[in-house]
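Me: I'd like to go through this structure and ask where each label comes from. Could you set the values against the cut-offs as we go?

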Amino acid sequence: MDFSLLSETLNSKSYEKVADICDEHMLQVAAEGVAFQDDWPYAIHLLGHIYAGDINSMRFLWKSMPATVKEGNPEVIAAWKIGQKLWVRDYGGVYEAIRGYDWSQEAQGLVAAFSGKFF
C-alpha cells in the first residue's frame, strides 16, 4: 500500500489534510478489495480527525476498526483516549492523554500541532 501522499503531508506539516487523505485512501483500497486493516495507520487517521475537530468521524473510525487493532496497538489506544476526553469536554484529561504517551516519530508533529492549537 502506498502511503507516500500521507507521508508527504505529514512531512510538510499540512495536518489539516491528514484526515481527508486517510479517508479517501481507505475508501479507494476498500473499493479495490485490498485487505488493508493490518497495515492501516489508524493512529494517524484518528489523530487527523482530532486535529480537524471532527470528533464524530473519529468515533465512526474507531467503531470500524478491528478489535485486534483497538486492543493491541498502544498508539491507537492513546489517540482514542484523547478523543474520548474531547468528547466529554475533559480538557485537563486531553492534556494528560497527550503527555501520557511517547508518540511515534510519525505522530509527534501532528500531536504537537494539535496540542499547540488546542492549549
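Me: Why are α1 and α2 called roughly antiparallel to each other?

Reply: A quick word on the ground rules. This is a predicted model, so local features need pLDDT of at least 70 and side-chain atom pairs count only at pLDDT 80 or more, while totals for chains, interfaces and linings use all residues. Residues are numbered from 1 along each chain as its sequence is written, and side-chain values use heavy atoms, with hydrogens and water left out.

Now to your pair: the axes of α1 and α2 come within 10 Å and cross at roughly 175 degrees. Helices here are DSSP runs (H or I, at least four residues), numbered from the N terminus. Their axes are lines fitted to C-alpha atoms over the stretch in contact, with angles from 0 to 180 degrees between N-to-C directions. Angles under 35 degrees count as roughly parallel, over 145 as roughly antiparallel, 65 to 115 as roughly perpendicular and the rest as oblique. α1 and α2 are therefore roughly antiparallel to each other.

Me: Which residues make the contact of α1 and α2?

Reply: From α1 come L5, L6, T9 and L10, and from α2 come V18, I21 and C22; contact means heavy atoms within 4.5 Å. By class there are six nonpolar residues, one polar and no charged. Ala, Val, Leu, Ile, Met, Phe, Trp, Tyr, Cys and Pro count as nonpolar, Asp, Glu, Lys and Arg as charged, and the others, Gly among them, as polar.

Me: What makes α4 oblique to α6?

Reply: α4 and α6 pack with their axes 10 Å apart, at an angle of about 135 degrees. That angle makes α4 oblique to α6. The crossing of α4 and α6 is left-handed. In α4, I55, N56, M58, R59 and W62 meet V76, W80, G83, L86 and W87 in α6; this contact has seven nonpolar, two polar and one charged residues.

Me: What makes R99, K13 and R89 exposed?

Reply: Their relative accessible areas are 52% for R99, 60% for K13 and 63% for R89, so each of them is exposed. R99 is found in helix α7. K13 sits in the loop between α1 and α2, and R89 in the loop between α6 and α7. K13 has a positive phi of about 60 degrees although it is not a glycine, and R89, also not a glycine, has a positive phi of about 60 degrees.

Me: Which residues have the most contacts inside the largest nonpolar core?

Reply: They are Y42, L47 and I82, in a core of 37 residues. α1 (4–11), α2, α3, α4, α6 (74–87), α7 (91–99) and α8 (105–118) each supply at least two residues of this core. The largest share, seven residues, comes from α3. A nonpolar core is a set of buried Ala, Val, Leu, Ile, Met, Phe, Trp, Tyr and Cys residues joined through side-chain atoms within 4.5 Å. Not counting residues up to four places away in sequence, L47 touches A79, I82, W103, A107, L110 and V111.

Methods:
Buried means under 20% relative accessible area, exposed over 50%, partly exposed in between (1.4 Å probe, protein chains only). A crossing is left-handed if the near helix is turned anticlockwise from the far one by less than a right angle, and right-handed if clockwise.
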